[in-house]
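Please look over the sequence and the structure shown below. The notes that follow are a short briefing, grouped by topic.

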Amino acid sequence: MARFPFPIPVGWFHVAFDADIEPASIHPMNLFGRELALWRAEDGELCLQDRYCPHLGGNFAVGGQVVGQTLECPFHKWRFATDGQVAEIPYAKKLNRSACVRYRTLVDVCLLTSSAPIDEETVVQHFHVSYRNPEDDARIHRIGQAFDAEVNRQFREDIAIWESKIYQPDPQLCDGDGPVGKYRNWAKQFYFEAV
Ligand code: FES
């Protein structure tokens, strides 16, 4: 139960000393009952915004970086301008349109992931990589093994992101994201309580 029956008022508040916020720095802050990130663009402009990315919940204050006049999310590298608008999506042709992407390389590779919950907060995750090489071609083995190593590298790199991110219930998606909404709807059937 809240200790005070009134909300946080609108007004001017001291959140930091100007000299403590270097250009191109990001500072996590808990203020106004929210988790925020204070960052300064390279030209000196200051911005206080939500700490979690509107795309899929990446934490700007853990692995994010300031690039010029934008704040880059550590997860899929979307960049946001100081007015909070998306400025750049590295893999999208247009902003906020849905589409599918397929993975295809020189080698016919299959990537299968599976996870099992240990408890409500923790899962054990497996990645299975297989590739076709009926003629036992050494080059195909090298490519297949390089793919396997890359999957492992990317997964390990994402661990810090997964541990600090939130679930974004209403993600802002772009045309390169694939059918995230469809997938989430499909997954809902496995939960007894609403998600
Ligand atoms: S979660 Fe931020 S770019 Fe995807």
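In this predicted model, strand 2 and strand 3 form a hairpin, and five residues lie between the two strands. Within that turn, Gly-44 has a positive phi of about 105 degrees.

**Strand 2 and strand 3**

- Strand 3 covers residues 46-50 and runs antiparallel to strand 2.
- Five bridges join these two strands.
- Arg-40 has Leu-46 in strand 3 as its bridge partner.

**Strand 1 and strand 2**

- Strand 1 spans residues 26-31 and is joined to strand 2 by six bridges.
- This pairing, too, is antiparallel.
- Met-29 stands opposite Leu-36, a residue of strand 2.
- Asn-30 has its bridge partner in strand 2 as well, namely Glu-35.

- Strands of a sheet pair through backbone hydrogen bonds, and the pairing can be parallel or antiparallel.
- Here three strands make an open sheet in the order 1-2-3, with antiparallel pairing.
- Strand 1 and strand 3 are the edge strands, since each pairs on one side only.
- Ignoring direction, neighbouring strands of this sheet are turned by 30 degrees against each other on average.

**Arg-34**

- Arg-34 is exposed because it has 12 other C-beta atoms within 10 Å, and a residue counts as exposed at 12 or fewer.
- The C-alpha atoms of Arg-34 and Gln-49 are separated by 9.8 Å, and the two residues are 15 residues apart along the chain.

**The largest nonpolar core**

- Which members of the largest nonpolar core touch the most other members?
- They are Trp-39, Cys-53 and Phe-60, in a core of 17 residues.
- Beyond its neighbours within four places in sequence, Phe-60 is in contact with Ile-26, Ala-37, Arg-51, Cys-53, Leu-71 and Cys-73.

Definitions and conventions. Residues numbered from 1 in each chain as written. Predicted model: local features only at pLDDT ≥ 70, side-chain atom pairs only at ≥ 80, totals over all residues. Core = buried A, V, L, I, M, F, W, Y, C linked by C-beta atoms within 7 Å. Buried ≥ 20, exposed ≤ 12 C-beta atoms within 10 Å, placed from the backbone. Contact = placed C-beta atoms within 7 Å. Pairing = 2+ DSSP bridges. Helix = DSSP H or I, 4+ residues; strand = E, 2+ residues; numbered from the N terminus. Axes fitted to C-alpha atoms, helices over the stretch in contact; angles between N-to-C directions.
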